[in-house]
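This briefing covers a few local features of one protein chain. Look over the sequence and the structure first, then read the points below.

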Amino acid sequence: MVMAKLKHPSLVALLLVLACLFIAPTSSTSRKTSFKQQHPCPTTNGFRVMLRHVDSGKNLTKLERVQHGIKRGKSRLQKLNAMVLAASSTPDSEDQLEAPIHAGNGEYLIELAIGTPPVSYPAVLDTGSDLIWTQCKPCTRCYKQPTPIFDPKKSSSFSKVSCGSSLCSALPSSTCSDGCEYVYSYGDYSMTQGVLATETFTFGKSKNKVSVHNIGFGCGEDNEGDGFEQASGLVGLGRGPLSLVSQLKEQRFSYCLTPIDDTKESVLLLGSLGKVKDAKEVVTTPLLKNPLQPSFYYLSLEAISVGDTRLSIEKSTFEVGDDGNGGVIIDSGTTITYVQQKAYEALKKEFISQTKLALDKTSSTGLDLCFSLPSGSTQVEIPKLVFHFKGGDLELPAENYMIGDSNLGVACLAMGASSGMSIFGNVQQQNILVNHDLEKETISFVPTSCDQL
(Lines give C-alpha, C1' and ligand atoms only; values in the text may rest on other atoms or scores of the structure.)
Protein backbone atom coordinates (compact mmCIF):
# COMPACT_ATOMS: atom_id res chain seq x y z
CA MET A 1 0.00 0.00 0.00
CA VAL A 2 1.25 3.43 -0.89
CA MET A 3 0.93 5.99 1.87
CA ALA A 4 -0.34 9.41 0.89
CA LYS A 5 0.92 12.70 2.13
CA LEU A 6 -1.93 14.82 3.36
CA LYS A 7 -2.53 18.37 2.32
CA HIS A 8 -4.16 19.34 5.63
CA PRO A 9 -4.03 17.84 9.17
CA SER A 10 -7.84 17.76 9.34
CA LEU A 11 -7.95 15.41 6.37
CA VAL A 12 -7.17 11.72 5.97
CA ALA A 13 -6.50 9.86 2.75
CA LEU A 14 -8.56 7.16 1.10
CA LEU A 15 -6.44 4.87 -1.04
CA LEU A 16 -7.65 2.59 -3.79
CA VAL A 17 -5.54 -0.55 -4.08
CA LEU A 18 -6.42 -3.37 -6.50
CA ALA A 19 -10.24 -3.81 -6.42
CA CYS A 20 -10.71 -2.88 -2.77
CA LEU A 21 -10.83 0.41 -0.99
CA PHE A 22 -8.56 0.86 2.00
CA ILE A 23 -8.26 3.88 4.22
CA ALA A 24 -4.74 4.84 5.17
CA PRO A 25 -4.24 7.58 7.73
CA THR A 26 -0.80 8.89 8.53
CA SER A 27 0.59 9.30 12.02
CA SER A 28 -0.46 12.92 12.11
CA THR A 29 -4.14 12.07 11.47
CA SER A 30 -4.21 8.53 12.94
CA ARG A 31 -7.35 7.16 13.54
CA LYS A 32 -25.83 -24.08 33.98
CA THR A 33 -31.40 -31.42 40.29
CA SER A 34 -30.52 -30.49 43.59
CA PHE A 35 -30.76 -27.01 44.92
CA LYS A 36 -27.48 -25.36 45.87
CA GLN A 37 -26.38 -21.83 46.58
CA GLN A 38 -22.80 -21.57 45.43
CA HIS A 39 -20.71 -18.93 43.80
CA PRO A 40 -18.01 -19.09 41.14
CA CYS A 41 -14.49 -18.29 42.26
CA PRO A 42 -12.70 -15.32 40.73
CA THR A 43 -10.22 -16.25 38.01
CA THR A 44 -7.03 -14.90 39.54
CA ASN A 45 -4.87 -14.91 36.43
CA GLY A 46 -7.54 -14.06 33.90
CA PHE A 47 -8.06 -15.73 30.53
CA ARG A 48 -8.70 -15.01 26.90
CA VAL A 49 -11.45 -16.19 24.57
CA MET A 50 -11.44 -15.76 20.82
CA LEU A 51 -14.36 -14.13 19.08
CA ARG A 52 -15.53 -14.43 15.50
CA HIS A 53 -17.83 -12.19 13.55
CA VAL A 54 -21.21 -13.66 12.58
CA ASP A 55 -20.36 -13.17 8.90
CA SER A 56 -16.85 -14.64 9.08
CA GLY A 57 -16.11 -17.22 6.41
CA LYS A 58 -18.58 -15.68 3.96
CA ASN A 59 -17.49 -14.33 0.61
CA LEU A 60 -18.51 -10.73 1.25
CA THR A 61 -16.91 -7.38 0.67
CA LYS A 62 -16.42 -4.99 3.57
CA LEU A 63 -19.38 -2.91 2.46
CA GLU A 64 -21.58 -6.03 2.16
CA ARG A 65 -20.61 -7.05 5.70
CA VAL A 66 -21.54 -3.61 6.94
CA GLN A 67 -24.85 -3.78 5.04
CA HIS A 68 -25.69 -7.13 6.68
CA GLY A 69 -24.79 -5.65 10.06
CA ILE A 70 -26.96 -2.59 9.46
CA LYS A 71 -30.00 -4.77 8.78
CA ARG A 72 -29.41 -6.62 12.03
CA GLY A 73 -28.54 -3.37 13.80
CA LYS A 74 -31.80 -1.61 12.94
CA SER A 75 -33.71 -4.35 14.76
CA ARG A 76 -31.32 -4.10 17.68
CA LEU A 77 -31.60 -0.32 17.78
CA GLN A 78 -35.39 -0.61 17.97
CA LYS A 79 -35.07 -3.13 20.81
CA LEU A 80 -32.67 -0.95 22.75
CA ASN A 81 -34.92 2.08 22.48
CA ALA A 82 -37.96 -0.08 23.37
CA MET A 83 -36.14 -1.14 26.53
CA VAL A 84 -35.70 2.45 27.59
CA LEU A 85 -39.29 3.38 26.83
CA ALA A 86 -40.59 0.34 28.71
CA ALA A 87 -38.42 1.18 31.72
CA SER A 88 -39.47 4.83 31.78
CA SER A 89 -43.23 4.18 31.45
CA THR A 90 -45.51 3.35 34.37
CA PRO A 91 -46.92 -0.15 33.74
CA ASP A 92 -50.52 -1.04 34.48
CA SER A 93 -51.42 -4.26 36.32
CA GLU A 94 -51.46 -6.34 33.13
CA ASP A 95 -48.16 -5.02 31.87
CA GLN A 96 -46.52 -5.97 35.15
CA LEU A 97 -46.95 -9.63 34.19
CA GLU A 98 -44.98 -9.21 30.99
CA ALA A 99 -41.32 -10.06 30.75
CA PRO A 100 -38.95 -7.09 30.47
CA ILE A 101 -37.39 -6.49 27.07
CA HIS A 102 -33.68 -7.13 26.45
CA ALA A 103 -31.33 -6.41 23.60
CA GLY A 104 -30.83 -9.88 22.10
CA ASN A 105 -28.85 -10.65 18.98
CA GLY A 106 -25.34 -9.44 18.38
CA GLU A 107 -22.47 -9.37 15.93
CA TYR A 108 -19.80 -11.51 17.60
CA LEU A 109 -19.77 -15.16 18.64
CA ILE A 110 -17.87 -16.62 21.57
CA GLU A 111 -16.84 -20.29 21.63
CA LEU A 112 -17.24 -21.96 25.03
CA ALA A 113 -18.21 -25.31 26.58
CA ILE A 114 -20.82 -26.23 29.19
CA GLY A 115 -21.18 -29.12 31.65
CA THR A 116 -19.17 -32.12 32.81
CA PRO A 117 -18.03 -33.52 30.49
CA PRO A 118 -17.86 -30.22 28.58
CA VAL A 119 -19.96 -29.77 25.45
CA SER A 120 -18.83 -27.00 23.12
CA TYR A 121 -21.16 -24.45 21.57
CA PRO A 122 -21.08 -20.95 20.05
CA ALA A 123 -22.98 -18.13 21.75
CA VAL A 124 -23.73 -14.54 20.90
CA LEU A 125 -21.61 -12.16 22.94
CA ASP A 126 -23.72 -9.24 24.12
CA THR A 127 -22.50 -6.25 26.11
CA GLY A 128 -26.08 -4.94 26.16
CA SER A 129 -27.64 -7.69 28.33
CA ASP A 130 -26.81 -9.86 31.35
CA LEU A 131 -28.30 -13.36 31.20
CA ILE A 132 -26.17 -16.29 30.05
CA TRP A 133 -28.35 -18.96 28.44
CA THR A 134 -28.40 -21.90 26.06
CA GLN A 135 -31.12 -24.15 24.67
CA CYS A 136 -31.74 -27.26 26.79
CA LYS A 137 -33.46 -30.62 26.58
CA PRO A 138 -36.31 -31.39 26.96
CA CYS A 139 -37.05 -28.62 24.50
CA THR A 140 -40.75 -27.82 24.01
CA ARG A 141 -39.89 -25.25 21.35
CA CYS A 142 -36.41 -24.55 20.08
CA TYR A 143 -34.91 -22.89 17.03
CA LYS A 144 -32.42 -24.68 14.80
CA GLN A 145 -28.91 -24.27 16.18
CA PRO A 146 -25.47 -25.20 14.85
CA THR A 147 -24.61 -27.64 17.68
CA PRO A 148 -26.54 -30.39 19.55
CA ILE A 149 -28.94 -29.08 22.19
CA PHE A 150 -27.49 -29.31 25.69
CA ASP A 151 -28.85 -32.22 27.77
CA PRO A 152 -28.47 -31.41 31.49
CA LYS A 153 -29.10 -35.09 32.40
CA LYS A 154 -25.76 -35.93 30.84
CA SER A 155 -23.83 -33.44 32.96
CA SER A 156 -22.68 -34.28 36.50
CA SER A 157 -22.24 -30.60 37.38
CA PHE A 158 -25.75 -29.35 36.50
CA SER A 159 -27.74 -27.99 39.44
CA LYS A 160 -31.01 -26.06 39.49
CA VAL A 161 -31.06 -22.80 41.38
CA SER A 162 -33.40 -22.43 44.35
CA CYS A 163 -36.07 -19.73 44.37
CA GLY A 164 -34.44 -18.11 47.40
CA SER A 165 -31.04 -17.72 45.79
CA SER A 166 -29.47 -14.36 44.98
CA LEU A 167 -29.26 -15.34 41.33
CA CYS A 168 -33.01 -15.95 41.19
CA SER A 169 -33.62 -12.63 42.92
CA ALA A 170 -31.52 -10.91 40.29
CA LEU A 171 -33.87 -11.96 37.49
CA PRO A 172 -36.10 -9.16 36.26
CA SER A 173 -38.96 -11.64 35.90
CA SER A 174 -39.25 -15.10 37.53
CA THR A 175 -41.69 -17.66 38.94
CA CYS A 176 -41.16 -20.51 41.38
CA SER A 177 -42.22 -24.05 40.55
CA ASP A 178 -39.61 -26.73 39.92
CA GLY A 179 -36.89 -24.32 40.95
CA CYS A 180 -36.40 -20.77 39.74
CA GLU A 181 -38.02 -20.26 36.35
CA TYR A 182 -37.30 -17.31 34.09
CA VAL A 183 -38.53 -15.66 30.91
CA TYR A 184 -36.48 -13.21 28.86
CA SER A 185 -38.06 -11.31 25.98
CA TYR A 186 -36.10 -9.59 23.24
CA GLY A 187 -38.71 -7.16 21.94
CA ASP A 188 -39.34 -8.67 18.48
CA TYR A 189 -41.10 -11.89 19.55
CA SER A 190 -37.70 -13.42 20.26
CA MET A 191 -37.52 -14.97 23.72
CA THR A 192 -36.01 -17.63 25.95
CA GLN A 193 -37.85 -19.33 28.81
CA GLY A 194 -36.72 -22.10 31.15
CA VAL A 195 -35.09 -22.79 34.50
CA LEU A 196 -32.20 -21.00 36.11
CA ALA A 197 -29.35 -23.34 36.99
CA THR A 198 -25.63 -23.43 37.63
CA GLU A 199 -23.03 -25.24 35.58
CA THR A 200 -19.34 -25.50 34.87
CA PHE A 201 -18.31 -23.39 31.91
CA THR A 202 -15.04 -23.86 30.07
CA PHE A 203 -13.39 -21.07 28.14
CA GLY A 204 -10.44 -21.03 25.78
CA LYS A 205 -8.72 -23.73 23.78
CA SER A 206 -6.19 -26.53 24.43
CA LYS A 207 -3.51 -25.53 26.95
CA ASN A 208 -5.23 -22.25 27.71
CA LYS A 209 -8.54 -23.77 28.80
CA VAL A 210 -10.07 -22.39 31.99
CA SER A 211 -13.05 -24.03 33.73
CA VAL A 212 -15.24 -22.05 36.12
CA HIS A 213 -17.77 -23.81 38.34
CA ASN A 214 -21.23 -22.69 39.49
CA ILE A 215 -21.92 -20.12 36.82
CA GLY A 216 -25.61 -19.21 36.84
CA PHE A 217 -27.31 -19.56 33.46
CA GLY A 218 -30.69 -19.95 31.82
CA CYS A 219 -31.46 -23.47 30.66
CA GLY A 220 -33.88 -22.55 27.90
CA GLU A 221 -36.65 -25.03 27.12
CA ASP A 222 -38.83 -22.64 25.11
CA ASN A 223 -36.93 -20.41 22.75
CA GLU A 224 -37.90 -18.62 19.58
CA GLY A 225 -37.20 -15.65 17.37
CA ASP A 226 -34.71 -14.11 15.00
CA GLY A 227 -31.04 -13.41 15.39
CA PHE A 228 -29.86 -16.53 17.21
CA GLU A 229 -29.62 -19.07 14.36
CA GLN A 230 -25.83 -18.96 14.16
CA ALA A 231 -25.52 -19.50 17.90
CA SER A 232 -26.73 -21.94 20.56
CA GLY A 233 -27.34 -19.27 23.16
CA LEU A 234 -26.09 -15.98 24.48
CA VAL A 235 -23.47 -14.71 26.92
CA GLY A 236 -24.34 -11.41 28.57
CA LEU A 237 -21.48 -9.07 29.46
CA GLY A 238 -23.60 -6.27 30.91
CA ARG A 239 -23.21 -4.56 34.28
CA GLY A 240 -25.98 -6.55 36.06
CA PRO A 241 -25.44 -9.40 38.60
CA LEU A 242 -26.31 -12.19 36.14
CA SER A 243 -23.68 -11.29 33.55
CA LEU A 244 -20.50 -13.29 33.03
CA VAL A 245 -18.18 -10.57 34.28
CA SER A 246 -20.29 -10.00 37.41
CA GLN A 247 -20.45 -13.71 38.25
CA LEU A 248 -16.73 -14.12 37.72
CA LYS A 249 -16.24 -11.20 40.11
CA GLU A 250 -13.75 -9.75 37.71
CA GLN A 251 -13.30 -6.01 37.87
CA ARG A 252 -11.80 -5.70 34.41
CA PHE A 253 -12.41 -7.01 30.95
CA SER A 254 -11.34 -5.90 27.51
CA TYR A 255 -12.07 -6.82 23.95
CA CYS A 256 -10.28 -6.01 20.76
CA LEU A 257 -12.16 -6.30 17.48
CA THR A 258 -10.30 -6.95 14.25
CA PRO A 259 -11.58 -5.16 11.14
CA ILE A 260 -14.93 -6.46 9.93
CA ASP A 261 -13.37 -7.75 6.72
CA ASP A 262 -10.35 -9.35 8.44
CA THR A 263 -10.06 -13.14 8.40
CA LYS A 264 -8.41 -13.16 11.82
CA GLU A 265 -10.40 -13.55 15.04
CA SER A 266 -11.07 -10.89 17.64
CA VAL A 267 -10.32 -11.43 21.32
CA LEU A 268 -12.01 -11.06 24.73
CA LEU A 269 -9.72 -10.67 27.73
CA LEU A 270 -11.01 -11.17 31.28
CA GLY A 271 -9.44 -10.57 34.67
CA SER A 272 -5.81 -9.52 34.86
CA LEU A 273 -5.41 -9.97 31.10
CA GLY A 274 -8.00 -7.27 30.62
CA LYS A 275 -5.88 -4.62 32.30
CA VAL A 276 -4.58 -1.80 30.18
CA LYS A 277 -0.80 -1.68 30.17
CA ASP A 278 1.21 1.46 29.70
CA ALA A 279 0.36 2.98 26.36
CA LYS A 280 1.24 6.27 24.74
CA GLU A 281 -2.15 6.74 23.13
CA VAL A 282 -4.90 5.95 25.64
CA VAL A 283 -8.18 7.76 26.17
CA THR A 284 -9.90 7.06 29.50
CA THR A 285 -13.36 8.34 30.26
CA PRO A 286 -15.86 7.74 33.10
CA LEU A 287 -18.56 5.11 32.68
CA LEU A 288 -21.94 6.58 33.50
CA LYS A 289 -24.98 4.81 34.94
CA ASN A 290 -28.62 4.98 34.02
CA PRO A 291 -30.75 3.71 36.96
CA LEU A 292 -33.46 2.68 34.51
CA GLN A 293 -30.99 0.71 32.37
CA PRO A 294 -28.31 -0.51 34.83
CA SER A 295 -26.85 -3.11 32.45
CA PHE A 296 -25.70 -0.68 29.76
CA TYR A 297 -22.27 0.92 29.58
CA TYR A 298 -22.92 4.62 29.13
CA LEU A 299 -20.14 6.85 27.82
CA SER A 300 -19.26 10.40 28.81
CA LEU A 301 -19.42 11.86 25.30
CA GLU A 302 -19.34 15.64 25.26
CA ALA A 303 -18.89 16.64 21.63
CA ILE A 304 -17.85 15.58 18.12
CA SER A 305 -15.51 17.27 15.67
CA VAL A 306 -15.33 16.92 11.90
CA GLY A 307 -11.95 18.07 10.66
CA ASP A 308 -11.02 21.05 12.81
CA THR A 309 -14.66 22.03 13.34
CA ARG A 310 -16.23 21.22 16.68
CA LEU A 311 -19.91 20.68 15.93
CA SER A 312 -22.41 23.04 17.49
CA ILE A 313 -24.36 20.50 19.54
CA GLU A 314 -26.21 21.25 22.76
CA LYS A 315 -24.41 19.84 25.79
CA SER A 316 -27.55 17.95 26.88
CA THR A 317 -27.70 16.04 23.59
CA PHE A 318 -25.57 13.13 24.80
CA GLU A 319 -26.73 13.18 28.43
CA VAL A 320 -29.13 10.68 30.02
CA GLY A 321 -32.42 12.42 30.70
CA ASP A 322 -34.39 12.22 33.94
CA ASP A 323 -36.78 9.84 32.18
CA GLY A 324 -33.89 7.53 31.27
CA ASN A 325 -33.90 8.45 27.60
CA GLY A 326 -30.90 9.63 25.63
CA GLY A 327 -27.29 9.10 26.56
CA VAL A 328 -24.61 7.22 24.65
CA ILE A 329 -23.88 3.52 25.13
CA ILE A 330 -20.99 1.49 23.79
CA ASP A 331 -22.24 -1.72 22.20
CA SER A 332 -20.39 -4.60 20.56
CA GLY A 333 -23.68 -5.86 19.05
CA THR A 334 -24.41 -2.84 16.86
CA THR A 335 -22.41 -2.43 13.67
CA ILE A 336 -22.30 1.29 12.96
CA THR A 337 -22.54 4.27 15.26
CA TYR A 338 -25.88 6.01 15.66
CA VAL A 339 -26.09 9.49 17.15
CA GLN A 340 -29.08 11.57 18.14
CA GLN A 341 -30.93 12.97 15.11
CA LYS A 342 -29.99 16.66 15.41
CA ALA A 343 -26.36 15.81 16.20
CA TYR A 344 -26.22 13.51 13.18
CA GLU A 345 -27.65 16.16 10.89
CA ALA A 346 -24.98 18.62 12.05
CA LEU A 347 -22.26 16.01 11.54
CA LYS A 348 -23.57 15.10 8.09
CA LYS A 349 -23.75 18.72 6.97
CA GLU A 350 -20.20 19.44 8.09
CA PHE A 351 -18.88 16.23 6.55
CA ILE A 352 -20.41 17.17 3.21
CA SER A 353 -18.97 20.66 3.47
CA GLN A 354 -15.43 19.43 4.08
CA THR A 355 -15.43 16.52 1.61
CA LYS A 356 -14.55 17.62 -1.87
CA LEU A 357 -16.42 14.76 -3.56
CA ALA A 358 -19.78 14.59 -5.30
CA LEU A 359 -22.65 13.11 -3.31
CA ASP A 360 -23.80 9.68 -4.44
CA LYS A 361 -27.58 9.57 -4.64
CA THR A 362 -28.12 6.45 -6.72
CA SER A 363 -26.33 3.54 -5.03
CA SER A 364 -28.34 1.42 -2.58
CA THR A 365 -25.75 0.95 0.14
CA GLY A 366 -27.97 1.13 3.25
CA LEU A 367 -25.81 3.99 4.51
CA ASP A 368 -27.19 7.51 4.61
CA LEU A 369 -24.20 9.47 3.37
CA CYS A 370 -22.13 8.31 0.42
CA PHE A 371 -19.77 10.04 -1.97
CA SER A 372 -18.92 9.16 -5.55
CA LEU A 373 -15.32 8.20 -6.15
CA PRO A 374 -13.65 9.87 -9.10
CA SER A 375 -13.04 7.50 -11.97
CA GLY A 376 -9.50 6.13 -11.98
CA SER A 377 -8.57 7.82 -8.70
CA THR A 378 -6.10 6.14 -6.39
CA GLN A 379 -6.70 8.36 -3.41
CA VAL A 380 -9.23 10.78 -2.00
CA GLU A 381 -9.21 12.96 1.07
CA ILE A 382 -11.82 13.00 3.83
CA PRO A 383 -12.05 14.98 7.06
CA LYS A 384 -10.88 13.44 10.28
CA LEU A 385 -13.48 12.47 12.92
CA VAL A 386 -12.96 13.03 16.65
CA PHE A 387 -15.16 12.00 19.56
CA HIS A 388 -14.59 14.26 22.55
CA PHE A 389 -15.08 12.31 25.77
CA LYS A 390 -14.73 13.60 29.28
CA GLY A 391 -11.08 12.82 29.96
CA GLY A 392 -9.79 12.75 26.40
CA ASP A 393 -10.34 12.93 22.66
CA LEU A 394 -10.63 9.79 20.52
CA GLU A 395 -9.54 10.45 16.97
CA LEU A 396 -10.72 7.53 14.87
CA PRO A 397 -8.66 5.87 12.15
CA ALA A 398 -10.30 6.68 8.83
CA GLU A 399 -11.19 3.04 8.14
CA ASN A 400 -13.29 3.11 11.32
CA TYR A 401 -15.78 5.52 9.83
CA MET A 402 -15.47 5.49 6.06
CA ILE A 403 -16.41 2.37 4.10
CA GLY A 404 -15.36 2.30 0.49
CA ASP A 405 -16.23 0.04 -2.41
CA SER A 406 -14.35 0.56 -5.65
CA ASN A 407 -16.76 -1.72 -7.56
CA LEU A 408 -19.67 0.56 -6.74
CA GLY A 409 -17.44 3.59 -6.88
CA VAL A 410 -18.55 4.95 -3.51
CA ALA A 411 -17.17 5.86 -0.12
CA CYS A 412 -19.77 5.98 2.70
CA LEU A 413 -19.88 7.31 6.24
CA ALA A 414 -20.48 4.38 8.65
CA MET A 415 -22.86 6.32 10.86
CA GLY A 416 -26.59 6.97 11.14
CA ALA A 417 -29.24 8.87 13.08
CA SER A 418 -31.11 7.68 16.17
CA SER A 419 -34.37 9.02 17.59
CA GLY A 420 -33.45 7.83 21.09
CA MET A 421 -30.16 6.83 22.67
CA SER A 422 -26.92 7.13 20.76
CA ILE A 423 -24.78 4.02 20.21
CA PHE A 424 -21.03 3.78 19.66
CA GLY A 425 -20.90 0.79 17.29
CA ASN A 426 -18.34 -1.91 16.60
CA VAL A 427 -17.00 -0.56 13.30
CA GLN A 428 -15.81 2.49 15.20
CA GLN A 429 -14.16 0.17 17.76
CA GLN A 430 -12.04 -1.81 15.29
CA ASN A 431 -8.36 -2.18 16.15
CA ILE A 432 -8.94 -0.45 19.48
CA LEU A 433 -8.47 -2.28 22.78
CA VAL A 434 -11.64 -1.37 24.70
CA ASN A 435 -11.02 -1.80 28.41
CA HIS A 436 -13.80 -1.77 31.01
CA ASP A 437 -12.59 -1.09 34.54
CA LEU A 438 -15.63 -1.79 36.72
CA GLU A 439 -13.80 -0.90 39.92
CA LYS A 440 -12.82 2.57 38.77
CA GLU A 441 -15.94 2.79 36.60
CA THR A 442 -13.99 3.91 33.57
CA ILE A 443 -13.57 2.76 30.01
CA SER A 444 -10.33 3.18 28.06
CA PHE A 445 -9.59 3.15 24.35
CA VAL A 446 -6.11 2.08 23.23
CA PRO A 447 -5.20 1.96 19.51
CA THR A 448 -4.08 -1.67 19.00
CA SER A 449 -3.39 -4.16 16.25
CA CYS A 450 -5.98 -6.64 17.52
CA ASP A 451 -4.66 -9.51 15.42
CA GLN A 452 -1.38 -9.26 17.34
CA LEU A 453 -2.89 -9.83 20.80
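F424 has a relative accessibility of 2%, so it counts as buried, the cut-off being under 20%. The model is predicted.

**Aromatic rings**

- The structure contains 13 aromatic pairs.
- One of them joins F387 and F424 edge-to-face, with 5.2 Å from centre to centre and 75° between the planes.
- This pair connects distant parts of the chain, since F387 belongs to strand 23 and F424 to strand 28 (residues 422–424), 37 residues apart.
- Both F387 and F424 are buried.
- F424 also pairs with F389: the ring centres are 6.2 Å apart and the planes stand at 85°, so this pair too is edge-to-face.
- Here again distant parts of the chain are linked, with F389 in strand 23 and F424 in strand 28, 35 residues apart.
- F389 has a relative accessible area of 3%, so it is buried.
- Elsewhere, one aromatic cluster is made up of F150, F158, F201 and F217.

- Four strands form an open sheet in the order 18-17-23-24, and their pairing is antiparallel.
- Strand 18 (309–310) and strand 24 (392–395) are at the edges with a single partner strand each, so one side of each has no neighbour in the sheet.
- Strand 17 (residues 301–306) and strand 23 (residues 385–389) run antiparallel and are joined by five bridges.
- I304 has F387 in strand 23 as its bridge partner.
- Helix 4 (residues 341–354) packs on the sheet, where it touches strand 17, strand 18 and strand 23.
- The direction of helix 4 makes about 25° with that of strand 17.

**Positions listed as active site**

- An unreviewed UniProt entry lists D126 and D331 under "active site".
- The two positions are spread over 206 residues of sequence, yet they cluster in space, with a largest C-alpha distance of 7.9 Å.
- D126 lies in strand 5 (residues 119–126).
- With 0% relative accessibility, D126 counts as buried.
- The side chain of D126 makes a polar contact of 2.6 Å with the side chain of S129.
- D331 sits in the loop between strand 19 (328–330) and strand 20 (337–340).
- D331 has a relative accessible area of 1%, so it is buried.
- A polar atom of the D331 side chain lies 3.3 Å from the backbone nitrogen of G333.

Key. Residues numbered from 1 in each chain as written. Predicted model: local features only at pLDDT ≥ 70, side-chain atom pairs only at ≥ 80, totals over all residues. Heavy atoms only, no water. Pairing = 2+ DSSP bridges. Helix = DSSP H or I, 4+ residues; strand = E, 2+ residues; numbered from the N terminus. Contact = heavy atoms within 4.5 Å. Axes fitted to C-alpha atoms, helices over the stretch in contact; angles between N-to-C directions. UniProt positions renumbered as here; feature names shortened; annotations may be inferred. Buried < 20%, exposed > 50% of the residue type's maximum accessible area, 1.4 Å probe, protein only. Polar contact = N/O pair within 3.5 Å; in protein donor to acceptor, adjacent residues only side chain to side chain. Phe/Tyr/Trp six-rings, centres within 6.5 Å; stacked < 30°, edge-to-face > 60°.
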